[in-house]
Amino acid sequence: TSHPPDIIFVYSSRSAESFIEITKNYTLHPIMTGSKVMCISEKVASIFKSKGWKKIATFNPGDELLNL
């Protein structure tokens, strides 16, 4: 059984695009979309929203541990 991470932190638009591409290329998309994606900005979050991801939130830099 596959167990996706609970939370994924994403720090840039480029990282978001690369991560989404990797999940699609390696057939991880159905598994990873169950994880909560914590984005550093609304701009980064919008990339995930446009690709159909549901569990998306933003965080302030330095507050990562508060979100675990």
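Predicted model: local features only at pLDDT ≥ 70, side-chain atom pairs only at ≥ 80, totals over all residues.
View 1. Along α3 (residues 42–50), Val44, Ala45, Ile47 and Phe48 are buried (under 20% relative accessible area with a 1.4 Å probe, protein chains only; exposed is over 50%). Look down the axis of α3 and these buried residues sit within an arc of 150 degrees, so they line one face of the helix; the arc uses directions from the helix axis to the C-beta atoms. Helices and strands here are DSSP runs, numbered from the N terminus (H or I, at least four residues; E, at least two).

**View 2. The other side of α3, and what follows the helix.** Over here Glu42, Lys43 and Ser50 are exposed. Just past α3, glycine 52 takes a positive phi of about 90 degrees.

**View 3. What covers α3.** The cover over its buried residues includes β1 (7–10), α1 (13–25), β2 (36–39) and β3 (56–58), with contact meaning heavy atoms within 4.5 Å. α3 lies across β1, β2 and β3 and runs at about 175 degrees to β3 (axes are lines fitted to C-alpha atoms, for helices over the stretch in contact; angles run from 0 to 180 degrees between N-to-C directions).

**View 4. The open sheet.** Its 3 strands go β1-β2-β3, with parallel pairing (two strands pair if DSSP finds at least two bridges between them). β1 and β3 are the edge strands, each pairing on one side only. β1 and β2 pair over 4 bridges, and isoleucine 7 stands opposite lysine 36 in β2.

**Notes.** Residues are numbered from 1 along each chain as its sequence is written, and side-chain values use heavy atoms, leaving out hydrogens and water. Local features need pLDDT of at least 70 and side-chain atom pairs count only at pLDDT 80 or more, while totals for chains, interfaces and linings use all residues.
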